Amino acid sequence: MRISKDLKKWAVYSLAGLFSLALHGVVVFLLLLGGAEKSTTQKPRPANFVRATLVQLQPKVPVRDQRAAKEKAAVAKKRAEQRRQEQVRKQKAAERKQREQKKQRAEKNRRDKALKKKQADARAQQAAEQKQQVAREQRAREAERQQELQREARAQALASALDSEDEFLADEESGSLVQGYQQYIQQRIIANWNRPLSARRGMETILSIQLVPTGQVVGVTVLKSSGNPAFDLSAQQAVKKVGRFDKLQQLSQQSPRLFERSFRQFQLVFRPEDLRL
Amino acid sequence: MPEQQLSLLSLVIGASVPVQLVMFILLITSMVSWLMIGQRWWYLRQMAVGFKVFEGTFWSGVDLNELFRDGSVRLKDSAGVDGVENVFRSGFREFNRLTKNEGTDPDAVMEGTERAMRVALSREEEKLNTHLPFLASVASVSPYIGLFGTVWGIMQSFRGLATMQQATLAVVAPGISEALIATAMGLFAAIPAVVAYNRFAADADALYGRYDTFADEFTSLLHRRVHSS
């Protein structure tokens, strides 16, 4: 009499257990389903990576010896064939020469006839050429005048260049200064850069950046893509995130010309070195 | 930017051992607590329905001796007697036993009957409240277990971060995400347990109250019978 009561109790427990199992199964399944859709984009990238490493690991020594033996045999056969072919070729060549000599004789006769015709034509042409020469001389005079004008312009440019030479030398001294600022810019960008998951070592993208004298970024464009759009975009966003390069404001106050020349619009090779992949 | 999201499964598999252990514990806890919830729900419903049916027959004017015999038959048929009927049976049995010997003091009879019913009542209360402490402790403890897993996971991912030269969000994010799964699982186990505990505790309390009322009513009925004879 106790047994059936216990059985009933057991049945209730197992039913509840089944319910709980089913509930958790459904929840886990739904979560995994949601996760699987998102993760599909991730799969192809590691595959590429693995392929690259495998190629380096491939070389095998023992196979080569066998191959070398086979190759030697093959080379010997080839040489024998080549010799045969050369003999055949020589015979053919001798035959050809005989034929060609015959042809040449026939052609000489034809040429002699053609020469007589040409001489008659040439006299008519000489008259026409004299007229053309007159026209050419006129053109040459005009060209000389233009060249003179150009020379004058160059002389003026040279004079202005001499004027600015002093500046130029000063600028060259400040080349290291410019480099320092470039390094500063690179650092600021990398500090504000979010590494996308797909970024790999050796990626680089060339950015064109426009600044105003306050150091404010007014424009960023990608000149040369790294091939990975996520990487390009992250670099571009890093520059936008920096927003303002404070040190460049000092530079533009100290030497506005240097700023105008080097930083108003400049190209930057964005190549983060410490990618861990 | 083409975002690459990590699947939940890879996060769980990639988690460190303590975090995985926490997740496993929480999964088991959640499953057991749902088992308890199912069982309790069924049992309390059964009890509520049984009480209504028994009260209906009791107040329908049926002979109490017949009602008692009916229960005995069902006991022999191994169908089982539960809930308020147990209170009635133990009280009635005691009452009959005491009134068999002539000359017993009516007050003593009533006292014995009441005591027997009180014992049955407390047994029934115990039955109503089984598993509820388990649900209560799941409700209060599993968020902490989950939190422990999360804290551990975040600790690990920050320790990993310390060795790197450049701290990007992409380095810590997977670790934190994986750690947060533990908290999510803790809450997943705790929330149903809290709701179920409150609901079932209230139901059990209400049922016990009704049993108690019935016991009082029955006592007064017997009291009338003792003092009228």
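Is A:Leu32 buried, exposed or partly exposed? With 15 other C-beta atoms within 10 Å, A:Leu32 is partly exposed, because that count lies between the 12 or fewer of an exposed residue and the 20 or more of a buried one. Please keep in mind that this is a predicted model.

**A:Leu32 and its contacts**
- A:Leu32 belongs to helix α1 of chain A, which covers residues 2–39.
- Leaving aside residues up to four places away in sequence, A:Leu32 touches B:Leu8 and B:Leu9.

**B:Leu64**
- In chain B, helix α3 takes in residues 64–76, and B:Leu64 lies in this helix.
- B:Leu64 counts as partly exposed because it has 16 C-beta neighbours inside 10 Å.
- Although B:Leu64 and B:Phe92 are 28 residues apart along the chain, their C-alpha atoms are separated by 8.4 Å.

**The sheet in chain A**
- Chain A holds an open sheet of three strands, ordered β2-β1-β3, with antiparallel pairing.
- Its edge strands are β2 (217–224) and β3 (265–270) of chain A, each of which pairs on one side only.
- On average, neighbouring strands of this sheet are turned by 25 degrees against each other, direction ignored.
- Six bridges join strand β1 (residues 205–211) of chain A to β3(A) in the antiparallel sense.
- Looking across to β3(A), you will find A:Val269 opposite A:Ile206.

Key: Residues are numbered from 1 along each chain as its sequence is written. Chains are lettered from A and ligands numbered from 1 in the order in which they are written. This is a predicted model: local features need pLDDT of at least 70, side-chain atom pairs count only at pLDDT 80 or more; totals for chains, interfaces and linings use all residues. Helices (H or I, at least four residues) and strands (E, at least two) are DSSP runs, numbered from the N terminus. Two residues are in contact if their C-beta atoms, placed from the backbone, lie within 7 Å. Two strands pair if DSSP finds at least two bridges between them. Axes are lines fitted to C-alpha atoms, for helices over the stretch in contact, and angles run from 0 to 180 degrees between N-to-C directions.
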